[in-house]
Amino acid sequence: QRTLPLFLKDDATTVPFVCRYRTDIIHPLSTKQVHMVHSLVTKHKTLHSLRKKLLVHFPVTETTEIGTLTIRERILTSTSKTELEDLYAPFKPPTKGSILERIQQEHPRLVQAVDAM
C-alpha cells in the first residue's frame with residue numbers, strides 16, 4: 001500500500017512541477033490521474049472542514065434524539081459540498097450587511113446630512 005505523496009496534501013502549484021520533472025514520484029500514475037487525485041484530496045479536505053463545523057452543533061450524548069442522529073448520519077455520509085452548506089445554513093452567523101446598510105442603521109442623521117448637501 002502506497003501513501004499519498006506530500007505534494008498532493010499541501011500545494012496545488014507543485015502538482016504540474018511534479019508531473020513534469022518528478023515522474024519517479026508519481027509512477028505508475030499518469031499526469032491526468034495525479035490531477036484527479038489532487039482534486040479528490042482537495043474535495044475531501046473541504047468536506048472534512050465543513051463536517052467539523054457542523055458536527056459541533058449535533059453532539060452525541062446519552063439523550064440524543066433520533067432526528068439528531070439522522071442529521072449526523074447525513075453530515076458524515078454526504079459527498080456534496082452543497083448539501084453540507086444547506087445543512088449548515090441555519091447555524092451560520094448572520095451577515096453584517098453592506099457598509100451602506102450599516103451606516104443607515106447606526107447613523108440615520110449622518111445619512112440625512114449627506115443627502116442635504
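Helix α7 (residues 99-106) and helix α8 (residues 108-116) have axes that come within 5 Å and cross at roughly 105°. In this description an axis is a line fitted to C-alpha atoms, for helices over the stretch in contact, and angles run from 0 to 180 degrees between N-to-C directions. From α7 the contact takes Ile103, Gln104, Gln105 and Glu106, and from α8 it takes Pro108, Leu110 and Val111. Contact here means heavy atoms within 4.5 Å. By type, the residues of this contact divide into four nonpolar, two polar and one charged. Ala, Val, Leu, Ile, Met, Phe, Trp, Tyr, Cys and Pro count as nonpolar, Asp, Glu, Lys and Arg as charged, and the others, Gly among them, as polar.

The model is predicted: local features need pLDDT of at least 70, side-chain atom pairs count only at pLDDT 80 or more, and totals for chains, interfaces and linings use all residues. Residues are numbered from 1 along each chain as its sequence is written, and side-chain values use heavy atoms, with hydrogens and water left out.

The protein chain has eight helices and zero strands, and from the N terminus on its elements run α-α-α-α-α-α-α-α. Helices (H or I, at least four residues) and strands (E, at least two) are DSSP runs, numbered from the N terminus. Of the 117 residues in the protein chain, buried residues make up 19%. Buried means under 20% relative accessible area, exposed means over 50%, and partly exposed lies in between (1.4 Å probe, protein chains only). Among contacts in the protein chain with a separation of 6 or more, 49% are between residues 24 or more positions apart.

Two packed helices are described by the angle between their axes and the distance between the axes. For helix α4 (residues 31-55) and helix α6 (residues 81-88), the angle is about 15° and the axes are 10 Å apart. The two helices, α4 and α6, are therefore roughly parallel to each other. The crossing of α4 past α6 is left-handed; a crossing has that hand if the near helix is turned anticlockwise from the far one by less than a right angle, and is right-handed if clockwise. On the α4 side the contact is made by Thr46, Leu47, Leu50, Arg51, Lys53 and Leu54, and on the α6 side by Lys81, Leu84, Glu85, Leu87 and Tyr88. The residues of the α4 and α6 contact comprise six nonpolar, one polar and four charged.

Several of these names return in the next feature. The largest nonpolar core has eight residues: Leu47, Leu50, Leu54, Phe58, Ile75, Leu84, Leu87 and Tyr88. Such a core is a set of buried Ala, Val, Leu, Ile, Met, Phe, Trp, Tyr and Cys residues joined through side-chain atoms within 4.5 Å. Helices α4 and α6 each supply at least two residues of this core. A second, separate core of five residues includes Val15, Val18, Ile26 and Val34. In soluble globular proteins, nonpolar side chains tend to be buried together.

Ile75, one of the residues of the largest core, is found in helix α5 (residues 66-77). At 0% relative accessibility, Ile75 counts as buried. Leaving aside neighbours within four places in sequence, Ile75 is in contact with Arg51, Leu54, Leu55, Phe58, Leu84 and Leu87. Ile75 and Tyr88 are 13 residues apart along the chain, and their C-alpha atoms are separated by 9.6 Å.

Val15, Pro16 and Cys19 of α2 make the contact with Thr31, Val34, His35 and His38 of α4. Its residues divide into four nonpolar, three polar and no charged.

Val18, in helix α2, counts as buried at 5% relative accessibility. Between Val18 and Thr31, 13 residues apart in sequence, the C-alpha to C-alpha distance is 9.1 Å. His35 lies in helix α4 and, at 37% relative accessibility, counts as partly exposed. Apart from neighbours within four places in sequence, His35 is in contact with Val15, Pro16 and Cys19. His35 and Cys19 are 16 residues apart in sequence and 8.8 Å apart in space, C-alpha to C-alpha.

Terms used. Angles under 35 degrees count as roughly parallel, over 145 as roughly antiparallel, 65 to 115 as roughly perpendicular and the rest as oblique.
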